[in-house]
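Reader: Could you take me through this one, giving the cut-off behind each label as we go?

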Amino acid sequence: MKKDQSFVNIRDTDTLKRLAKSAGIRVLNRFDYFEAVNSKNGHRYKVQITGQDIVCSCPDAKNHNCKHEIAVARDMSLFMEVV
């Protein structure tokens with residue numbers, strides 16, 4: 001997914017489910033990458049920022065914007081430097 005992608009007026013139910021599930025993902029900054037940890041089952045995935053892209057190592061990310069990518073994008077938007 002793109003770093004600047006927004007989720008406004010989403011009607012796709014699968015995307016809405018992933019957005020809701022992303023709330024249960026804890027994002028850890030590992031400096032070179034992010035680690036997305038599912039608080040329910042402990043699964044961990046590596047999420048990298050490559051240029052303008054957020055890329056997760058989970059199987060769902062191959063076909064969709066996964067909940068881990070969404071969680072990282074959310075956290076990045078919360079902690080971006082205000083100029």
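This is a predicted model: local features need pLDDT of at least 70, side-chain atom pairs count only at pLDDT 80 or more; totals for chains, interfaces and linings use all residues.

Reader: What makes Ala20 count as exposed?

Author: Exposed means over 50% relative accessible area, buried under 20%, and partly exposed in between (1.4 Å probe, protein chains only). Ala20 has 56% relative accessibility, so Ala20 counts as exposed. Ala20 sits in helix H1, residues 13–21; helices (H or I, at least four residues) and strands (E, at least two) are DSSP runs, numbered from the N terminus.

Reader: And Phe31, buried or exposed?

Author: Exposed, because the relative accessible area of Phe31 is 78%. Phe31 lies in the loop between S1 and S2 and has a positive phi of about 70° although it is not a glycine. As background, most residues other than glycine have a negative phi.

Reader: Where is Asn9, and what is its phi?

Author: Asn9 is in the segment before H1, with a positive phi of about 55°. Asn9 is exposed too, given its relative accessible area of 66%.

Reader: What is the largest nonpolar core made of?

Author: A nonpolar core is a set of buried Ala, Val, Leu, Ile, Met, Phe, Trp, Tyr and Cys residues joined through side-chain atoms within 4.5 Å. The largest one here has 15 residues, and those with the most contacts inside it are Val27, Val47, Ile54, Cys56 and Val72. Strands S1 (25–29), S2 (34–38) and S4 (53–56) and helix H2 (67–79) each give two or more residues to this core, and H2 supplies the largest share, four residues.

Reader: Which residues does Val72 touch?

Author: Not counting residues up to four places away in sequence, Val72 touches Val27, Phe34, Val47, Ile49 and Ile54, where contact means heavy atoms within 4.5 Å.

Reader: How do you know that the radius of gyration agrees with a compact globule?

Author: The globule rule is 2.2 Å times the number of residues to the power 0.38, with the radius taken over C-alpha atoms. With 83 residues that gives a value near 12 Å, and the protein has 12 Å, so the two agree.

Note on methods:
Residues are numbered from 1 along each chain as its sequence is written. Side-chain values use heavy atoms; hydrogens and water are left out.
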